[in-house]
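Subject: The structure for you to look at

Hi,

Here is the structure I promised to pass on. Have a look around first, and then read my notes below.

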Amino acid sequence: MVTIERHEAPEVYLDHAASTPLRAEARSAWLEASERHHANPTGSHRAARAARRALDDARDDLAALLDRSPTEVVFTSGGSEADNMAIRGVLHDRGGTAVCSAGEHHAVLEPVEHAGGITVALEADGSVSPDRLADVLRAEESVSVVSIMTVNNETGVINDIPGLVDVTRACAPSAVFHTDAVQAMSWLDLRTHVASADLVSITGHKIGGPVGIGALLMGDGVVLDPLILGGGQERGRRAGTPDVAGALAFTAAAVAADAERPESVKRLGALRDRLINGLRSQLGDQMMVTVLDGGAPVAAGIAHVIFCDLEAEALLFLLDAAGLHAAAASSCSSGAQDPSHVLAAMGIDRMVAQGSLRLSLGHTTTDADIDAALAIIPPAVQRLTACGGG
Amino acid sequence: MTSHTDGPVLVMMSGGVDSSVAAALLLNAGHEVVGVTMKLWGGPSDTGCCAVSDVDDARRVADRLGIEHHVFNFGDDFERKVVAPYVDDHASGRTPNPCIECNRHLKFDRLVRRADALGFDRIASGHHARVVDTPSGPRLARGVDDAKDQSYVLHVIDESVLRRLLLPVGMMTKTEVRAVAADLDLRTATKPESQDVCFITNEHGRKSFLGDRIPLRSARVQNSNGDEVGRVESVELVTIGQRKGLGLVGGTDPRYVLDIDAGRGRQPVVTVGEKADLAVDHTPLETWRWVGETLDDRELSFQCSAHGSPEPGRVIDGRVEWAVPHRRIALGQSVVAYDAQGCVVGGGVAGRLPL
């Protein structure tokens with residue numbers, strides 16, 4: 001009989017890909033701005049103008065950081081809104097067909113499927129093949145938007161965005177290329193990796209900014225029908241009172257994440273490898289390393305593994321009871337675990353995929369977290385295996 | 001309740017008032033309680049459990065009580081063990097009870113195995129039934145509220161599960177349950193009951209559900225002489241005792257369905273007759289299992305539907321011999337035997353009674 005000692009257990013947070021703790025820089029930027037800028041930046045009085053100035057400072061700083069022009073930055077409520085705005089905005093403006101990978105986040109996948117679009121299967125290594133995309137684009141004449149994520153949120157696989165953009169330009173020259181880079185900002189330099197994309201979705205809470213603020217980067221000349229109509233904010237591209245404090249905090253987090261990226265990729269990549277190797281040595285054949293051995297590049301902070309013959313839902317329960325916070329596939333609205341569409345798109349059997357676990361590291365992850373994970377996970381896996389999988 | 005040992009209790013919380021109160025009572029009795037809502041049906045639902053709003057209710061009641069709450073997705077098992085057989089049964093002219101199959105395979109089997117794996121030695125639910133200790137082991141007994149008693153749909157619970165099962169509201173009337181919920185200010189206190197099959201929506205109904213999954217076949221309606229007297233559009237939707245929707249010409253006395261022959265590969269035939277023809281002196285049993293000792297030829301009471309009234313009879317030679325003539329039971333319906341104390345002593349499935 002295992003006693004469930006929820007309250008005494010230490011908290012080991014390995015779910016940074018879902019949301020990562022607020023950075024000190026973002027917190028102080030938010031607090032300062034929310035104190036100072038109570039006025040609506042669309043007003044004309046002095047306080048409004050000050051708020052407007054702060055908002056545009058944030059826009060300038062974020063644009064400079066990403067090597068974009070300030071006019072390209074449209075603040076949104078987050079990644080899902082930016083994704084919807086990209087796909088639906090293009091389709092509403094010019095019709096045509098949307099194409100995305102079958103492993104996209106639901107914020108891309110659902111708008112594409114809803115509009116009767118086409119999905120491209122993933123390769124066995126979890127990546128999107130430019131050749132496979134080319135085949136789809138050559139077979140379909142009316143493609144108006146192509147959307148391929150920069151880093152997969154479940155597996156951490158990094159896509160070859162420059163190569164995919166080239167293929168799109170060659171095979172569907174009039175199509176707009178969008179990438180959901182929500183998971184990428186902590187691990188990749190977006191200045192280079194997604195420079196050729198027309199539309200890029202990013203969000204605050206994956207990099208230590210607050211939840212509720214993100215942006216769509218819109219290349220000059222790209223036209224979208226706005227999702228939200230109203231007061232004409234964000235140059236008529238996204239109505240609604242701008243979140244000045246959010247924009248400043250998001251930008252502060254982005255600057256901090258960017259500054260520490262070379263170091264944190266090295267540090268967290270080493271911790272992730274220690275975690276994987278530690279699990280592998282304790283669990284051997286009971287565990288499959290999903291993508292790290294597969295050849296495709298993988299973001300430094302994401303470890304995706306599949307345990308044989310057990311149900312992730314039961315495993316997550318035991319890990320949670322032991323104080324380890326992790327994730328399996330995407331959770332549905334009820335909070336239950338749904339089978340992963342990403343693993344399905346890679347051709348992994350549904351029964352096998354039930355044993356998946358995503359451990360994602362972030363800026364607060366320490367050596368001690370990895371030690372704790374290595375102490376908690378193997379016995380939980382062994383217990384479930386002994387009980388028929390849970 | 002059965003004797004208990006220390007350790008946490010996993011309580012099934014559907015998002016309804018009964019399971020909310022069950023969790024509260026267990027907590028109050030000093031147990032460590034963890035709530036779980038099973039997500040069973042992924043499709044549309046407007047009748048039963050599994051809807052997101054029900055999960056929200058369960059979660060918020062758990063929050064209010066200060067207990068942990070989890071959601072387990074057993075959708076694949078539910079599809080395989082409950083929904084698919086439900087469809088197959090209709091296709092072959094049977095009348096299934098999916099709630100019983102859900103209790104048998106999901107709530108009191110799949111969940112129990114999950115509970116084992118997670119280290120819970122006891123489980124609980126908000127069903128209106130009781131577990132009573134007898135010299136020959138724990139037995140399932142009727143809940144004290146006759147109108148709400150659910151022992152019929154729970155008769156499939158194995159003795160090994162009864163031994164570790166807590167049913168705290170079985171000792172209460174529904175009125176008392178609602179009063180406790182109101183007293184604790186639980187948001188489910190006045191929530192209406194779910195009554196229907198959770199995966200069949202009120203909006204689209206059984207016909208649409210089955211029609212999406214299997215071809216519905218029309219049937220000839222005949223009288224007991226074999227003369228055609230009408231037609232029905234889909235034999236899968238006909239049940240024994242049914243009176244309406246048989247396409248009969250007006251002006252005659254009411255006719256009732258006495259027999260359904262949905263045999264695959266043949267023309268389905270529905271036979272109708274007068275009300276008196278519905279009464280039978282015995283019901284054949286396709287399957288039967290005594291809970292403890294064999295009680296053949298002993299006078300017991302038998303219940304044949306979730307809210308049916310118990311009638312006296314005896315099990316003799318694989319059939320129930322009724323003390324007084326009984327209405328025909330549809331093929332596939334569960335028959336549950338109770339002793340004089342209201343304990344479930346046996347159960348099985350009605351077979352087809354030839355005309």
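Let's start in chain A, where helix H2 (residues 46-65) packs against helix H9 (residues 244-283) at an angle of about 25 degrees, their axes being 9 Å apart. Helices here are DSSP runs of H or I with at least four residues, strands are runs of E with at least two, and both are numbered from the N terminus. An axis is a line fitted to C-alpha atoms, for helices over the stretch in contact, and angles run from 0 to 180 degrees between N-to-C directions. H2(A) and H9(A) are therefore roughly parallel to each other (angles under 35 degrees count as roughly parallel).

Before we go further, please note that this is a predicted model, in which local features need pLDDT of at least 70 and side-chain atom pairs count only at pLDDT 80 or more, while totals for chains, interfaces and linings use all residues. Residues are numbered from 1 along each chain as its sequence is written, and chains are lettered from A and ligands numbered from 1 in the order in which they are written.

Back to that pair: H2(A) and H9(A) cross in a left-handed way (the near helix is turned anticlockwise from the far one by less than a right angle; clockwise would be right-handed). Among the residues making the contact are A:Leu55 and A:Leu62 of H2(A), together with A:Leu248 and A:Val255 of H9(A). Contact means that the C-beta atoms, placed from the backbone, lie within 7 Å. By class, this contact of H2(A) with H9(A) has 11 nonpolar, 1 polar and 3 charged residues (Ala, Val, Leu, Ile, Met, Phe, Trp, Tyr, Cys and Pro count as nonpolar, Asp, Glu, Lys and Arg as charged, and the others, Gly among them, as polar).

Chain A has another pair to look at: H5 (residues 130-139) and H6 (residues 161-171) pack at about 20 degrees, with axes 9 Å apart. The crossing of H5(A) and H6(A) is right-handed.

Now for the two chains together: 17 residues of chain B are in contact with 18 residues of chain A. On the chain B side, helix H2 (52-65), strand E3 (68-73) and helix H4 (98-118) each supply at least two residues. That side divides into 7 nonpolar, 4 polar and 6 charged residues.

Finally, find B:Cys99 in helix H4 of chain B. Is B:Cys99 buried or exposed? B:Cys99 is buried, because 20 other C-beta atoms lie within 10 Å (20 or more means buried, 12 or fewer exposed, and in between partly exposed).

Enjoy exploring!

Note on methods. Parallel < 35°, antiparallel > 145°, perpendicular 65-115°, else oblique.
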